Amino acid sequence: NKIREAEAVLKEFGVRVKPIAVTKTEIQHNSLEEIARFAAIQVYTKVRTPVAVEDSGLFIEKLNGFPGPYSSYVYKTIGLKGILKLLEDYKDWEFRKATFIAVIAYALSENNVVVFKGVTEGHISFEIRGGGGFGYDPIFIPQGSIRTFAEMSIEEKSFYSHRGKAFRAFGEWLIKNSDILSKAKEKSL
C-alpha cells in the first residue's frame, strides 16, 4: 500500500518506484526520523545503491501522542476498535485531534542520509468508515475534509496525506539534485 501511494505521488516527478525485498530491522525509538534513518542505512549496506525507507505514525493529542512511532505495533495488537475504545469518552472533536506524520529517509551512502517529513493534522472519527486505504485510514479524517482516508481515492488521499506530502518533498528534492544522484549511483556501482 505504501508503494502504491509513493508511485501515485512520484510519477508527477517522473520517478519510478522499484521495491526491493530486503529484510530490515525496525528499531524501537521515540523518533520516526531515527527509525527511518537506521533502516535506510541498514538497507543501503545490503544493496549498495541509494535507497528510500518510509516510516510513519499516528499521534493522538488526547493520548499524549500515543501510538506515535509505535503505531504499527498498536495497530496489530488493539487495532482500530482499540483506538476508538480509548477515545470513547471524548465526544467533542476538540478532544479527538490527531496528527499523522511520515518520514522518508533517503540513503545516498552509509554516511549521507537525507530526511523528508510530511505532516497532516486531523481528527479521529467516531466509527470505522470506508473500504479503501490501510492501517488507520478508516478512522483518520484530515483537516479540510469530512471523509476518512479510507473513503478517498489514492490520488485524493495523496493530496491530503502525510505520506503524500513527504513523497512530494522527496520528489522535488530528486529533481533539484539529479547531479548528486548520478554521482551517488556511480559510486555504488
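Start with serine 125, which counts as buried at 0% relative accessibility (buried means under 20% relative accessible area, exposed over 50%, partly exposed in between, with a 1.4 Å probe and protein chains only). Before going on, keep in mind that this is a predicted model, where local features need pLDDT of at least 70 and side-chain atom pairs count only at pLDDT 80 or more, while totals for chains, interfaces and linings use all residues. Residues are numbered from 1 along each chain as its sequence is written, and side-chain values use heavy atoms, with hydrogens and water left out.

Serine 125 sits in the loop between strand 4 (112–124) and strand 5 (140–142); helices (H or I, at least four residues) and strands (E, at least two) are DSSP runs, numbered from the N terminus. A polar atom of the serine 125 side chain is 2.6 Å from the backbone oxygen of glutamate 127. Setting aside neighbours within four places in sequence, serine 125 is in contact (heavy atoms within 4.5 Å) with Leu84, Trp93, Arg96, Pro138, Ile139, Ile141 and Thr148.

Ile139 also turns up in the largest nonpolar core, which has 17 residues; it is among those touching the most other members, along with Leu58, Ile60, Ile83, Ile124, Tyr136 and Phe140. Such a core is a set of buried Ala, Val, Leu, Ile, Met, Phe, Trp, Tyr and Cys residues joined through side-chain atoms within 4.5 Å. Strand 1 (51–60), helix 4 and strand 3 (97–109) each put in at least two residues, and helix 4 gives the largest share, with three. A second, separate core of 15 residues has Ala6, Phe13, Val114 and Trp173 among its members.

Now for the charges. Side chains of opposite charge can pair when their charged atoms come close. There are 13 salt bridges here, each a side-chain nitrogen of Lys or Arg within 4 Å of a carboxyl oxygen of Asp or Glu. In one of them, arginine 163 meets glutamate 5 at 2.7 Å, N to O. Arginine 163 is in helix 6 (residues 162–176) and glutamate 5 in helix 1 (residues 2–10), so this pair ties together parts 158 residues apart in sequence. Arginine 163 is buried at 4% relative accessibility, and glutamate 5 is buried with a relative accessible area of 4%.

Glutamate 33 and lysine 117 form another salt bridge, their closest N and O atoms being 3.5 Å apart. Glutamate 33 lies in helix 2 (residues 32–47) and lysine 117 in strand 4, so here the linked parts are 84 residues apart in sequence. Lysine 117 is partly exposed at 46% relative accessibility.

Technical notes. Polar contact = N/O pair within 3.5 Å; in protein donor to acceptor, adjacent residues only side chain to side chain.
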